[in-house]
Amino acid sequence: SPAPLTLLGTGAMGTALARAWLAAGHEVTVWNRTPARAEVLAAEGATVARTAAEAVAANRLVVACLLDDASVDAAFEGADLTGRDLVNLTTGTPAEGRARAEWAAARGARFLDGGIMAVPPMIGAPESGAYVFYSGSPELFAEHRETLAIPAGTRYVGADAGLAALHDVALLSAMTGMLAGIAHAFALIRPEDIAPKDFAPLLAEWLTAMMPAVHQSAERLESGDYTSNVVSNLAMQVAGNTTLLRTAEEQRVSPELLTPYMELMARRLAQGHGDEDGTGIIELLGLRPGVS
Ligand code: NDP
């Protein structure tokens with residue numbers, strides 16, 4: 001039979017998680033700082049606890065989906081975590097994930113950190129592609145895997161509790177750069193020159209066609225060879241950047257989303273790497289002690 005669980009935090013994401021578990025027949029005890037946001041779930045079968053401590057006491061499996069790391073401290077203040085299996089689905093940094101694992105261990109709990117790769121409407125809909133990165137206790141993951149798989153797919157990425165956040169944030173960071181490029185392109189076309197609706201399919205097709213670059217970068221990072229079979233080398237790309245910048249000027253569009261990346265390309269070129277593809281820029285970005 002479905003395992004009972006506790007959920008702290010019934011915001012937009014927590015509510016979606018609770019509904020998925022309730023729909024699958026799990027007994028769910030919920031707590032939220034603002035009680036009204038938890039009480040709507042009572043009508044759907046959830047048990048609403050008066051305090052977080054009471055909610056934590058109700059079940060072995062305790063899931064938290066709160067705003068940020070500080071709100072996790074605030075919510076668990078005074079709760080007894082001894083013998084609990086804590087799964088933290090609050091987005092955070094890798095260091096916060098590791099610190100939270102130590103915090104849980106010091107309180108006698110097993111710990112799993114999670115990074116949710118979905119928006120609330122995708123939760124509980126297997127066909128949506130929603131999933132969660134998990135890292136931390138492999139025993140906890142093995143024991144609760146079926147329950148955790150109800151709201152979204154599960155991807156366990158290692159015993160180091162920081163790894164879920166690192167995967168999560170790396171994907172979000174790549175998305176940020178991609179969205180910056182999309183914003184610049186739409187600014188550049190100006191609706192009076194090219195209709196956004198005509199341009200959109202071309203842009204989507206173009207970005208999709210660029211995706212093999214992800215695998216090519218990985219292969220070059222693994223091999224350390226940035227110069228074999230380069231089809232458009234850094235020297236050529238840097239020369240081409242002036243056309244991108246002059247076009248931005250002609251269209252009266254700020255180049256500020258492009259210039260930081262172009263500056264890195266120029267710096268790598270100036271260091272004598274004009275025959276590389278773009279992979280060497282990854283080395284420039286890594287701020288390791290003793291490396292400039
Ligand atoms: P909401 O803003 O809807 O909910 C935030 C929750 O945190 C509420 O339950 C809120 O309680 C609670 N909270 C905030 N501060 C405190 C505090 N000091 N003490 C106790 N509880 C507190 O956010 P979401 O539900 O959307 O997000 C929750 C987590 O899920 C975040 O870490 C977010 O990054 C992550 N996530 C969200 C996605 C989304 O698209 N929404 C996508 C992927 C991840 P109260 O109701 O009292 O304010």
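User: What kinds of residues make up the shell around the ligand?

Analyst: The shell divides into 10 nonpolar, nine polar and two charged residues. Ala, Val, Leu, Ile, Met, Phe, Trp, Tyr, Cys and Pro count as nonpolar; Asp, Glu, Lys and Arg count as charged; the others, Gly among them, are polar. This is a predicted model: local features need pLDDT of at least 70, side-chain atom pairs count only at pLDDT 80 or more, and totals for chains, interfaces and linings use all residues. Residues are numbered from 1 along each chain as its sequence is written.

User: Which residues come nearest to the ligand?

Analyst: G11, R33, T34, S71 and T91 do, out of 21 residues around the ligand. A residue is near a molecule if its C-beta atom, placed from the backbone, lies within 6 Å of it.

User: Which helices each supply at least two residues of that shell?

Analyst: α1 and α4 (69–76) each do. Helices are DSSP runs of H or I with at least four residues, strands are runs of E with at least two, and both are numbered from the N terminus. The protein has 12 helices and eight strands.

User: What makes L89 buried?

Analyst: Its neighbour count. L89 has 25 C-beta neighbours inside 10 Å. A residue is buried if 20 or more other C-beta atoms lie within 10 Å of its own, exposed if 12 or fewer, and partly exposed in between, with C-beta atoms placed from the backbone. So L89 counts as buried. L89 lies in the loop between β5 (85–88) and α5 (94–106).

User: Which residues does L89 touch?

Analyst: Leaving out residues up to four places away in sequence, L89 touches V63, A64, C65, G114, I116 and V132. Two residues are in contact if their C-beta atoms lie within 7 Å. One of these partners is G114. Along the chain, L89 and G114 are 25 residues apart, but their C-alpha atoms are separated by 4.6 Å.

User: Why is A24 called partly exposed?

Analyst: A24 has 15 C-beta neighbours inside 10 Å, so it counts as partly exposed. Its place is in the loop between α1 (12–23) and β2 (28–31). A24 touches P2 and I150, not counting residues up to four places away in sequence. The C-alpha atoms of A24 and T147 are separated by 9.3 Å, though the two are 123 residues apart along the chain.

User: Which residues have the most contacts inside the largest nonpolar core?

Analyst: They are L7, L8, L17, V30, V63 and A64, in a core of 52 residues. A nonpolar core is a set of buried Ala, Val, Leu, Ile, Met, Phe, Trp, Tyr and Cys residues joined through C-beta atoms within 7 Å. The largest share of this core, five residues, comes from α1. In soluble globular proteins, nonpolar side chains tend to be buried together.

User: Which residues does A64 touch?

Analyst: A64 touches L8, G9, V72, A75, N88, L89 and T90, again not counting residues up to four places away in sequence.

User: Why does α8 lie largely in the open?

Analyst: Of its 15 residues, the number buried is zero, so α8 lies largely in the open. This helix covers residues 196–210 and reaches 20 Å from its first C-alpha to its last. That is close to the 21 Å expected at 1.5 Å a residue. The expected span is 1.5 Å times one less than the number of residues.

User: Where does N229 lie, and what makes it exposed?

Analyst: N229 lies in the loop between α9 (212–223) and α10 (234–250). The count is 8 other C-beta atoms within 10 Å, so N229 is exposed. N229 also has a positive phi, about 50°, and is not a glycine.

User: Which domains does the assignment give?

Analyst: Domain 1 (5–160) and domain 2 (167–285). The bounds come from an automatic or database domain assignment. Their centres, taken over C-alpha atoms, are 38 Å apart. The contact takes six residues from domain 1 and four residues from domain 2. On the side of domain 1 that touches domain 2, three residues are nonpolar, three are polar and none is charged.

User: How many of the protein's residues are buried, as a share?

Analyst: Buried residues make up 33% of the 292 residues.
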